[in-house]
Amino acid sequence: MEHADGGAPSPCRSPALWAIKHETKLIARSPGGLSFYHNFLFFIPVKRVLGQIFSSHPRVHENAGCASRYFRGIFTVKMTISLLQRNSLDSKMKKIDLTTSIGKWDLKNPVLTASGTFGYGQEFADYIDLNTLGAIVVKGISLLPRPGNPPPRVVETSCGMLNAIGLENVGIEEFIKEKLAVLSQYDTDVVVNILGDTINDYCELCTRLDQVEGIKAIEVNISCPNVKRGGVAFGTDAGMAHRLCSEIRKMTGKPLILKLSPNVTDISLIARAVEDGGADAVSLINTLLGMAIDIKTKKPRLANIVGGLSGPAIKPVALRMVWQTANAVKIPVIGIGGISSAEDALEFLLAGASAIQVGTANFINPAVSGEIIRGIKNYLLEQGLEAVSDLVGSLQM
Amino acid sequence: MKHLQLLAEVTKNVEVGPGIFCLTFTSRELAREARPGQFIMLKVSSAPMIDPVLRRPFSIHKVEGDQVSILFKVVGRGTEILAGENHEVDLLGPLGNGYTIPAKGYLALVGGGLGIAPLLFLAQYCIKLRKDERTLILLGARTAAELAPIKDFRKLGFPIELATDDGSAGHHGFVTHLMTDNMEGADWTVVTCGPQPMMRGVAEQSAANGWECQVSLESVMACGIGACLGCAVRAKNNDSYLHVCRDGPVFNAEEVIL
């Protein structure tokens, strides 16, 4: 992934996106964060313009020559224009509509955090303003707590990583009592990712969550590759996926998002099956089943032997599957898979995703989702588009 | 405590032993916030997502003014990049829970191999916190060359005993032998960091003598902030896991199966 031009170290070709990234660096160093930085920028032009107006006043500069006064006047006009331009840029930025919707659920922007990569949200509060996110999708929750798989559970691979965490989680009741209570303090939508071994498990989870305020939607994991009974059976068989979806549909009025496995021959078949079953949306892709071996010990690198591949390595596969699925179903598609930058997110939106989830990238840069939101906004501005919905599925063939 | 995400300017990167580097960078915030035993997650590739993807955990080795150092051995792609020319490092930290240092009583710092890294920062802290108390430093390595970083330990003035597997420096044998020779007959707090088998030995010897023992564990981890749950270690008391990044990296030896 070397830069073809070999020039500036910025990985972004668009100057606007570069500015976003650059600004983020500044924020990371500045104790005041974004608002401090913005106020500062805004304050300087106002002060300068006012200063110029006063200093060019004849009474202040009685001895100044006519020419000098003339140039001062021009400078003042120029500064005022640049201030107005900035204001108009600001107001254009404000006007850009990032909202998107999944069934009846309206999201403030299309950037969500993927289940299993964002903990229960609070872990990231020091690094990113959680209120800015489109939604937080929490770590997969089961009826009872699960201890997870033995270590080693993660291993790095080329441009990605394998994990076999094994759905370690605190269980639904503790989640509601402890974790959700903390998350509810933020002005951000919460999506609960659920998993079970049987249709009954999923039904019970949906029934329980249906009564809980502060949960905007339920993402149903039928695709975890890392446990023997982790729902993946439902995700690889269209008939079973349909049955599961129809059953849980009866249990809740909340938006249901079915999270699909890429480890199938034709993902759009499963997507159509859950659409028929009453799903409000599908999210894809979960991790690709993979493996790594330590040639020194001649043993698998993961205790679970196999694990789920994620990260930039899987993005092209994910993008293709999202595009295929978006063409096959009428319900919204949420794109997941290796998204690490605004450019990646934009590719998924163009391919037909109504929203996207950021996964593994959260591990590397816990503030990345905020950068992606700003990057999408800037791109829309550059493209002269007013709403993110104008972009969704606008792939030119 | 506030967790930071920042870019820090690299001021020094010195090969202190064969393939062992001490990388120093400037960060006033981290120097102020960090406690001995805590770690940072470093991004080894400079651009946002270029391979290798994951950050690497490093314990904090040394803090002097606003200069913070890590000590590492080149073992793979990540450390190879770090050993090269770096102008700045992108880091998260300080992360995890550090050592619990008693203000009074006998304290032994037992390090093995690269595990001596966090013990220097701890010893620096001991100078401030417990200057007149007995603090003993026992360091082991395979060979004398790997003990190059000990000159920083010597500056602090605490008594130091060495052991090497090949006898090229200090006692010919394991660092646990040094415990028998230097510590018996008193009530100690033991803190240790090093290879797992060594720490197991130190923990067993401490338990046999009724000493409190704190172990600093290492693990592969993707995030370092409690989100990925990749860095699991088995808890001693029940059939569950603890996580090195969030519950550790320093544990009481009684808590975990080593």
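**Reading a predicted model, step by step**

Mentor: Welcome! Chain A holds twelve helices and 16 strands. Keep in mind that this is a predicted model.

Trainee: How much of chain A is made up of buried residues?

Mentor: Of the 397 residues in chain A, 53% are buried. As for contacts in chain A with a separation of 6 or more, 70% of them come from residues 24 or more positions apart.

Trainee: Now for helices. What describes two packed helices?

Mentor: Two packed helices are described by the angle between their axes and by the distance between those axes. Take helix H5 (residues 175–183) of chain B and helix H6 (residues 196–209) of chain B: they pack at an angle of about 20°, and their axes are 9 Å apart. Angles under 35 degrees count as roughly parallel, so H5(B) and H6(B) are roughly parallel to each other. Their crossing is right-handed.

Trainee: Which residues in H5(B) and H6(B) meet?

Mentor: From H5(B), Val175(B), Thr176(B), Met179(B) and Thr180(B) meet Met198(B), Gly201(B), Val202(B), Gln205(B) and Ser206(B) of H6(B). The residues of this contact comprise four nonpolar, five polar and no charged.

Trainee: With which side chain does the side chain of Ser69(B) make a polar contact?

Mentor: The partner is the side chain of Thr24(B), at 2.8 Å. Leaving aside neighbours within four places in sequence, Ser69(B) is in contact with residues including Cys22(B), Leu23(B), Ile60(B) and His61(B).

Technical notes: Residues are numbered from 1 along each chain as its sequence is written. Chains are lettered from A and ligands numbered from 1 in the order in which they are written. This is a predicted model: local features need pLDDT of at least 70, side-chain atom pairs count only at pLDDT 80 or more; totals for chains, interfaces and linings use all residues. Side-chain values use heavy atoms; hydrogens and water are left out. Axes are lines fitted to C-alpha atoms, for helices over the stretch in contact, and angles run from 0 to 180 degrees between N-to-C directions. Helices (H or I, at least four residues) and strands (E, at least two) are DSSP runs, numbered from the N terminus. Angles under 35 degrees count as roughly parallel, over 145 as roughly antiparallel, 65 to 115 as roughly perpendicular and the rest as oblique. A crossing is left-handed if the near helix is turned anticlockwise from the far one by less than a right angle, and right-handed if clockwise. Contact means heavy atoms within 4.5 Å. Ala, Val, Leu, Ile, Met, Phe, Trp, Tyr, Cys and Pro count as nonpolar, Asp, Glu, Lys and Arg as charged, and the others, Gly among them, as polar. A polar contact is a pair of N or O atoms within 3.5 Å; within protein, one must be able to donate a hydrogen and the other to accept it, and residues adjacent in sequence count only if both atoms are side-chain atoms. Buried means under 20% relative accessible area, exposed over 50%, partly exposed in between (1.4 Å probe, protein chains only).
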